[in-house]
Amino acid sequence: MDSAPNEEDTMHAAVLHAFGPATQLRYEQTPDPVPGEGQVRIAVAAAGVHLVDATLRSGEAGGPFVLPELPAVLGREVAGTVDAVGTGTDASWLGKRVVTRLGNANGGYAELAVADAGALHVIPDELDFDTAVAVIGTGSTALGILEAAEITAADTVLVTAAAGGIGSLLVRAAKQAGATVIGLASTAKLGQVTALGADQAIDYTVPGWEETAGKVTVVLDGVGGAAGTSAMNLLAPRGRLVVFGWSSGEPLSVTTDDLYRLGISATAALGLRALSRPGGLKVLGEDVLKLAAAGELVPHIGQAYPLAEAATAHADLESRTTTGKVILRP
């Protein structure tokens, strides 16, 4: 392992030269990244794929994530082995299995990625690279949602997009808490929701699905739009609505009239609430890795694509044909 890589070396990456459809992601050779002061370089074994990556690729800013300067290598989280360190970085990182969030820096859709040493997490021996990269982002999000929801065995929990990366974690965690769980998904994914442990899997594309579900005490919604509104209206008095996104493209509109009409409370699980958690994202990542190592938070790895098929991974994610966490492997 080199501590000072040759700047003339090249690697493969999925490079975005122009905003647009998934086909704009091109698998090509590009110069190896060189870690700077306080940084390490990671030989990537697994990179997480998010819907926000696709949003950025299309040319739209996604929440706190700004559009990258082009050409760009997307990808906000990676797991792998440290193969080089920058000036002033502790050389003991060399050879360690690590996972990290890259945030707005991106760079994960590549054979090599650079990260700040202070943002690294050592991967517990019990976890493989796929699981580690699945939980560091998606798992951290799920943990934040679960902390906001405070689910107990007395609850009936409705999870929208229950077959997705976050949804699958929420279904499993709610069942572990002893709750009755209802998972919403499209027809093709109902079997997956049942396999995750949901007591009931409902096709939310069928008119009148709400009558099948009945009243619930907790709604965990990351879809928004019509499905999110219908789910909210199923809440019994004193029920809890926990919102963490709007994959439908339409945020769920919750008014004070809704709160009084239904007699419910509503919480936004992410954003400032998550960032203000004691210890911040660093401690959240440590907590979620410990839970995963103990088998208490188990992600569903839906599809793993070769890095060369990053464009296909994006297209499948956007067409909603994927389930669970989507991963790229160099």
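Where does Pro-71 sit? Its place is in the loop between α1 and β4. Helices here (H or I, at least four residues) and strands (E, at least two) are DSSP runs, numbered from the N terminus.

A word on the ground rules. This is a predicted model, where local features need pLDDT of at least 70 and side-chain atom pairs count only at pLDDT 80 or more, while totals for chains, interfaces and linings use all residues. Residues are numbered from 1 along each chain as its sequence is written, and side-chain values use heavy atoms, with hydrogens and water left out.

Most residues other than glycine have a negative phi, and most peptide bonds are trans. Pro-71 is worth a look here: the peptide bond from Leu-70 to Pro-71 is cis, with omega near -5 degrees. Then there's Asn-106, a residue other than glycine with a positive phi, near 55 degrees. You'll find Asn-106 in the loop between β6 (97-101) and β7.

Pro-71 also turns up at the second largest pocket, where Pro-71, Ala-72, Val-73, Ala-105 and Gly-107 lie nearest the centre among 20 lining residues. The elements giving two or more residues to this lining are β1 (10-16), β2 (25-31), β4 (72-73) and β7 (112-116). The volume of this pocket is about 360 Å³. A pocket is an open set of points on a 1 Å grid over the protein atoms alone, where a 1.4 Å probe fits and protein lies on both sides within 12 Å along at least five of seven lines; lining residues have an atom within 4 Å of a point. Grid points are joined across faces, edges and corners, and the volume is the space filled by probe spheres set on the points. By class, the lining has 13 nonpolar, five polar and two charged residues (Ala, Val, Leu, Ile, Met, Phe, Trp, Tyr, Cys and Pro count as nonpolar, Asp, Glu, Lys and Arg as charged, and the others, Gly among them, as polar).

**The sheets**

Strands pair if DSSP finds at least two bridges between them. Seven bridges link β1 and β2, with His-12 standing opposite Gln-29 in β2.

The other open sheet has six strands in the order β11-β10-β9-β12-β13-β14, paired in parallel. At the edges, β11 (200-203) and β14 (265-268) each have a single partner strand, so one side of each is left without a neighbour in the sheet. Three bridges join β9 (residues 156-159) to β12 (residues 216-221), and Leu-158 has Val-219 as its bridge partner in β12.

Angles run from 0 to 180 degrees between N-to-C directions, and axes are lines fitted to C-alpha atoms, for helices over the stretch in contact.

| Helix | Strands touched | Angle |
|---|---|---|
| α2 (residues 129-149) | β12, β13 (235-243), β14 | about 155 degrees with β13 |
| α3 (residues 165-176) | β9, β10 (180-185), β12 | about 170 degrees with β9 |

**A helix crossing**

The axes of α1 (residues 51-58) and α10 (residues 310-318) come within 10 Å and cross at roughly 105 degrees. The two are therefore roughly perpendicular (65 to 115 degrees).

Notes
Contact = heavy atoms within 4.5 Å. Parallel < 35°, antiparallel > 145°, perpendicular 65-115°, else oblique.
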